[in-house]
Amino acid sequence: MTTEGEMAKVAFIGLGVMGYPMAGHLRVKGQHEVTVYNRTTTKAEKWAEHYSSSFRQTPREAAEGCDVVFCCVGNDDDLRAVTTGPDGAFHGMKKSAVFVDHTTASSEVAQELAAVAKESGFSFLDAPVSGGQAGAENGVLTIMVGGDEEAYDTAKPIMDCYGKKIGLMGPSGAGQQTKMVNQICIAGLLQGLSEGIHFAEKAGLDLEKVIGAISGGAAQSWQMENRWETMRDGHYEHGFAVDWMRKDLNICLKTAGEIGARLPVTALVDQFYAEVQAMGGGRWDTSSLLARMKKADN
């Protein structure tokens, strides 16, 4: 088990908008020895220079000799490529090490990779995160983990470098399924908030007074508190992108079909996001559902 304050040799694979600052917290806050890999080598070089660390040309090289290897890539296919693919990290993992995947992916790929890891003598945790780019940069992410408790106990003190709320949800795949619940809830909340703002504006109400009145009651949500002003002003360039949300919702809908769960609102909101993409808003924040409603008025 790694204890708080104990330095470890770690690697981070995937330096996107989330991974780049997360790896930085490992180096600065945790004072860990960090090696990084990124598909675009120039970004890995930049990170390594900024944090006085090292980078490698392949995931396998980055993982070699590490106690814990972290990963945050795009989707199931990307995850398989950097783990079990040619020169993947799994080929360089030492016995008893822990691989922690922060990608939002399917529970199936989590279970698949956990089985491969176990057969090879190391552990795999699916650990998707919530909190967006701001949460990663500020080191206050929520992390939902699936896997063995012993591996979780090893990785958790290191994840504390960028996680504010971290919990073991259950066996392999449970972390990803918990993230699906998170995305399902957010989708419905944002649509409801969009409709509420739209209604208030159409009724000629003072939106600031309306939000002030209802935000302390049952309608309150993080989305309301943090997004109503930017939604009112049509600013959608600050958060989790619609393209990413649709990827996540497709995972939710596919899994729902497999387990027999009905998600009618989620399916509807997913189609609304498809309309936002058609408007050219694929990189807009997920609160841009309001933009779709306003366009329908014109």
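Is Asp67 buried, exposed or partly exposed? Asp67 is partly exposed, with a relative accessible area of 30%.

**Figure 1. Overview of the predicted protein.** The secondary structure comprises 13 helices and nine strands. The radius of gyration is 20 Å, close to the 19 Å that the globule rule gives for 298 residues, so the protein is as compact as a globular protein of that length. Along the principal axes, the C-alpha atoms fill a box of roughly 65 × 45 × 35 Å. Of the 298 residues, 50% are buried. The accessible surface comes to about 13800 Å², and carbon and sulfur atoms hold 51% of that area. Among contacts with a separation of 6 or more, 67% join residues 24 or more positions apart.

**Figure 2. The largest nonpolar core, with 35 residues.** Phe12, Phe70 and Tyr162 have the most contacts inside this core. At least two of its residues come from each of the strands β1 (9–13), β2 (33–37), β4 (68–71), β5 (98–101) and β8 (141–146), and likewise from each of the helices α1 (19–28), α2 (41–50) and α7 (149–159). Helix α7 supplies the largest share, five residues. Another core lies apart from this one and has 23 residues, including Tyr37, Met93, Ala110 and Ala114. In soluble globular proteins, nonpolar side chains tend to be buried together.

**Figure 3. Surroundings of Tyr162 in the largest nonpolar core.** Neighbours within four places in sequence are left aside in this view.

**Figure 4. The salt bridge between Lys94 and Asp67.** The closest N and O atoms of the pair are 2.9 Å apart. Lys94 lies in the loop between α4 and β5, and Asp67 in the loop between α3 (59–63) and β4, so the pair ties together parts that are 27 residues apart in sequence. Lys94 has a relative accessible area of 31% and is partly exposed. Asp67, at 30%, is also partly exposed.

**Figure 5. The salt bridge between Asp78 and Arg39.** Here the closest N and O atoms are 3.9 Å apart. Asp78 belongs to helix α4 (residues 76–83) and Arg39 to the loop between β2 and α2; the pair links distant parts of the chain, 39 residues apart. Asp78 counts as partly exposed, at 23% relative accessibility. Arg39 counts as exposed because its relative accessibility is 70%, and exposed means over 50%.

**Figure 6. Further salt bridges, from a total of 13 in the structure.** Lys156 pairs with Asp160, and their closest N and O atoms are 3.2 Å apart. Lys156 is partly exposed at 26% relative accessibility, and Asp160 is partly exposed with a relative accessible area of 28%. A network of salt bridges links Asp77, Arg80 and Glu112.

**Figure 7. Helix α8, residues 174–202.** The helix has 29 residues. From its first C-alpha to its last, α8 reaches 42 Å, close to the 42 Å expected at 1.5 Å a residue. Gly204 follows α8 and has a positive phi, near 75°.

Note on methods
Residues numbered from 1 in each chain as written. Predicted model: local features only at pLDDT ≥ 70, side-chain atom pairs only at ≥ 80, totals over all residues. Heavy atoms only, no water. Core = buried A, V, L, I, M, F, W, Y, C linked by side-chain atoms within 4.5 Å. Buried < 20%, exposed > 50% of the residue type's maximum accessible area, 1.4 Å probe, protein only. Helix = DSSP H or I, 4+ residues; strand = E, 2+ residues; numbered from the N terminus. Contact = heavy atoms within 4.5 Å. Expected span 1.5 Å × (residues − 1). Salt bridge = Lys/Arg side-chain N within 4 Å of Asp/Glu carboxyl O. Rg over C-alpha atoms; globule rule 2.2 N^0.38 Å. Areas by Shrake-Rupley, 256 points an atom, 1.4 Å probe, with all protein chains shown as cover.
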